[in-house]
Amino acid sequence: MDTVRPDLIEKVTGRAEYITDLVVPGMLHGFVVRSPAVHARIVSIDTAAAKSVDGVVDVLVGEDVAAFGRWGLVLKDRPIIAVERVRYVGEPVAIVIAETVEIAENAAELVDVEYDELPRATTIQEAMAEGAPLIHEHHENLEDFYFKGGARPTQGSNVFHTYRNNVGDVDAAEATAAYVHEDHFTFPAISHFAMEPHAVIADFRGDALTVWTGAQTPTAVQKVLSRLFGLQIARVRIIVPFVGGGFGGKASVKIEPLVAAASWKVQRPVRVAQSISESMLTCRRLGAEITIRTAVDSKGRILAKRAKLLLDGGAYSDTGSAVATKSANRIMGPYVTPNLRLEASAVYTNTVPGAAFRSIGGPQAVWAKESHMDNVAAAIGMDPAEFRLVNLAGRGERTRPDLRPLDMDMSELVACVSQSSVFEAQGSNRRARGLAVAATDPANTPIANALVRLKIDGSILVSVSSIEVGQGAHATMARIAAQTLNQPFSAVSTLRTDTAVAPYDWGTGASRSTVVVGLSVESAALDAADQIFDMVADVWEVPKETLSLVEGGVSTGPETLTFHQIFHRTFGIDSGEVVGRGAITPRSKNGALAESPLFWETSAGLVEIVVDEDTGQIKVPRYASAADIGRAINRVAAEGQDEGAAAMGFGHALYEELEFEDGQPVNATPIDYTIPRISDVPSAFDTILVENGDGPGPGGAKGMGEGAILPVAPAIANALFSTYGIRITDLPMTPEKVWRALQQRK
């Protein structure tokens with residue numbers, strides 16, 4: 001049992017507690033009334049009938065909390081609850097607060113809202129058209145509030161952020177190129193579809209607020225609520241139990257201000273537990289339209305690349321500006337490109353707000369970039385794998401002057417998937433294969449703290465603000481502490497996250513926890529060890545440099561002292577602990593963590609497909625995924641992260657799309673929205689983890705868990721292209737799209 005993650009034991013035995021398992025004394029239940037209008041002025045809200053229902057305590061509407069103003073992560077553009085107008089279908093306009101959720105839900109049907117329809121802009125093109133209705137008239141920028149750099153909105157437009165990066169002279173390079181090729185791709189809105197929908201309990205008591213939430217970034221929630229309600233940060237307590245999946249949909253801040261406001265209104269704890277359908281109307285991945293052009297010389301070397309990315313940010317900015325910036329960085333790929341022109345814009349539309357989603361901006365950008373690479377290779381008569389190998393940057397080379405040199409050998413990953421044993425089986429078809437690679441820039445926030453408390457009996461408590469969303473972060477932190485202190489894994493416990501106890505961390509996401517938080521845990525464990533060594537050196541009068549940690553205590557060389565002996569003799573009582581503190585900042589490791597990214601997250605995918613030409617149905621019997629992760633701290637968990645990411649990639653590649661018709665979501669239910677089943681995952685799946693021990697994290701680890709989602713869609717599209725001569729440019733690759741493309745080819 002020493003190697004089994006404790007959270008897995010709790011989950012399979014049913015002991016694990018999620019938000020919906022918690023009961024706070026005096027707790028009421030809230031049910032949200034949502035707008036059916038795409039874009040409209042709120043003429044009136046009549047709550048009298050709802051309030052008269054037996055068991056209803058109160059109803060919260062926008063006017064109740066308008067004085068608190070707006071909130072946001074990058075742009076301050078969002079009311080707590082709709083005031084004066086609604087901007088998308090599903091926007092909260094009221095919360096009925098009652099003794100039971102059933103009473104609240106039934107009474108919610110009695111809330112009468114009158115709307116006056118306004119002109120709408122429900123797609124990127126509509127939102128950017130001349131004379132388009134403005135979804136937000138003003139932009140209040142909160143620079144560096146959550147992401148470094150803030151947003152750069154275009155005043156008088158629906159563009160709330162534009163990022164540009166230029167290197168060299170693209171025009172001159174294109175003028176001398178042997179060949180220039182341009183493509184256009186689209187990527188749809190995608191639902192996070194976590195097993196656990198958004199759920200929050202808030203308890204507002206005078207000048208103090210306690211919130212239980214499934215948030216991936218509790219300190220961001222704490223900061224937003226502190227500023228929104230005028231509370232001291234120390235008076236806002238965020239408690240995070242187990243979280244049933246996040247994938248970015250529970251990053252930053254979602255429904256916490258709404259539930260906190262409901263508690264403020266009634267001065268009692270209030271719980272809001274959304275359904276899957278309600279969570280699908282809370283946030284989704286940003287859709288995208290991407291134009292990419294590449295110029296090559298006569299030998300197939302890339303001379304220049306230009307890309308323009310337009311991302312559908314929905315009705316509120318959330319983290320859309322960061323998604324746009326990352327998408328521009330990630331469309332470069334791991335290639336030598338001496339001349340670059342990158343532009344990415346995030347655009348407001350009258351649809352569900354866009355938000356962070358596993359490898360923000362990466363799936364959109366890599367889908368376009370890696371599909372485009374095969375198109376360019378075909379146009380110049382090169383094998384697509386050879387074309388990539390000719391242009392891959394080597395270890396230590398920079399893909400752009402302002403980014404860290406590559407810290408891996410991408411050709412090694414290509415070789416790994418190309419030589420995978422899954423393709424040696426009888427019946428394997430070499431022609432029906434597609435390749436894609438990716439290199440992304442995660443973990444750009446090297447800020448974390450940790451506490452490690454070593455007790456007299458040798459038991460150890462680790463306190464961090466990392467969130468356990470199923471990825472095994474808490475077990476990883478315990479393992480790092482155990483290895484650093486040379487103690488058994490079973491001796492270490494990681495506490496659930498509570499901002500009243502756990503030290504500050506930026507948040508759980510961007511593949512940063514193992515590296516950034518892990519380093520802070522390692523540092524805290526070393527600090528605790530140093531204190532123990534000081535105690536032994538002082539009391540036993542032995543040289544500190546001769547001491548070493550052993551299981552259960554300290555070796556002086558001639559003898560082993562137990563922790564109990566050390567504490568008892570040092571303190572004179574039969575109790576005690578040492579508290580080690582670790583902190584990571586951009587200045588840590590002599591400033592080495594200040595360069596962006598902290599490491600490169602890399603992946604390669606090779607797929608084999610079978611297509612039913614009569615129906616267009618794609619089956620994927622074989623898939624190989626490779627990633628350079630530096631070092632696996634827990635191999636089983638690392639493999640699970642890689643495989644889970646790839647499975648999500650099959651989702652947006654073949655099945656998933658959150659569809660809108662004139663702003664109305666048409667499939668935002670778990671019945672109508674299709675995600676991959678276990679039978680859709682390739683039966684022959686090879687997970688290859690490259691470990692060179694050269695990452696910045698503990699033991700040479702790099703972050704991972706997001707890279708494997710990236711190659712899947714373009715690899716499948718490239719297999720379609722090489723085998724059947726059809727190029728799908730709009731995801732998902734549904735049977736109908738494939739069938740129509742096959743008919744057109746014929």
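Two strands count as paired here if DSSP finds at least two bridges between them, and helices (H or I, at least four residues) and strands (E, at least two) are DSSP runs numbered from the N terminus. This is a predicted model, so to speak of local features takes pLDDT of at least 70 and side-chain atom pairs count only at pLDDT 80 or more, while totals for chains, interfaces and linings use all residues. Residues are numbered from 1 along each chain as its sequence is written, and side-chain values use heavy atoms, with hydrogens and water left out.

**View 1. Strand S18 between its partners S9 and S17.**
Strand S9 (residues 159-167) runs antiparallel to S18, and eight bridges join the two. One of the pairs to look for is valine 159 with its bridge partner in S18, valine 347. Strand S17 (residues 302-314) pairs with S18 too, this time in the parallel sense and over ten bridges. Here leucine 311 sits opposite alanine 346 of S18. To get from S17 to S18 the chain goes through helix H10 (residues 320-330), a right-handed β-α-β crossover (with the strands pointing away from the viewer, the path from the first strand over the helix to the second runs clockwise). S18 itself (residues 339-348) is mostly covered, with eight of its ten residues buried (under 20% relative accessible area, with a 1.4 Å probe and protein chains only).

Strand S21 (residues 448-455) pairs with S28 in the antiparallel sense over eight bridges, and leucine 451 has arginine 581 of S28 as its bridge partner.

**View 2. Isoleucine 609 in the largest nonpolar core.**
A nonpolar core is a set of buried Ala, Val, Leu, Ile, Met, Phe, Trp, Tyr and Cys residues joined through side-chain atoms within 4.5 Å. The largest one has 159 residues, and Ile609, Ile618, Ile716, Leu720 and Met733 touch the most other members. Helix H18 (residues 712-724) gives the most to this core, with eight residues. Skip the neighbours within four places in sequence, and isoleucine 609 has contacts including Ala432, Pro621, Ala719 and Tyr724 (contact means heavy atoms within 4.5 Å). A second, separate core of 46 residues includes Ala478, Ala481, Phe533 and Leu547.

**View 3. A three-stranded antiparallel sheet.**
This open sheet has the order S6-S2-S8. Strand S6 (85-86) and strand S8 (112-117) are the edge strands, each pairing on one side only. Strand S2 (residues 40-46) runs antiparallel to S8, joined by six bridges. Look for alanine 40, which stands opposite glutamate 117 in S8.

Note on methods:
Buried means under 20% relative accessible area, exposed over 50%, partly exposed in between (1.4 Å probe, protein chains only).
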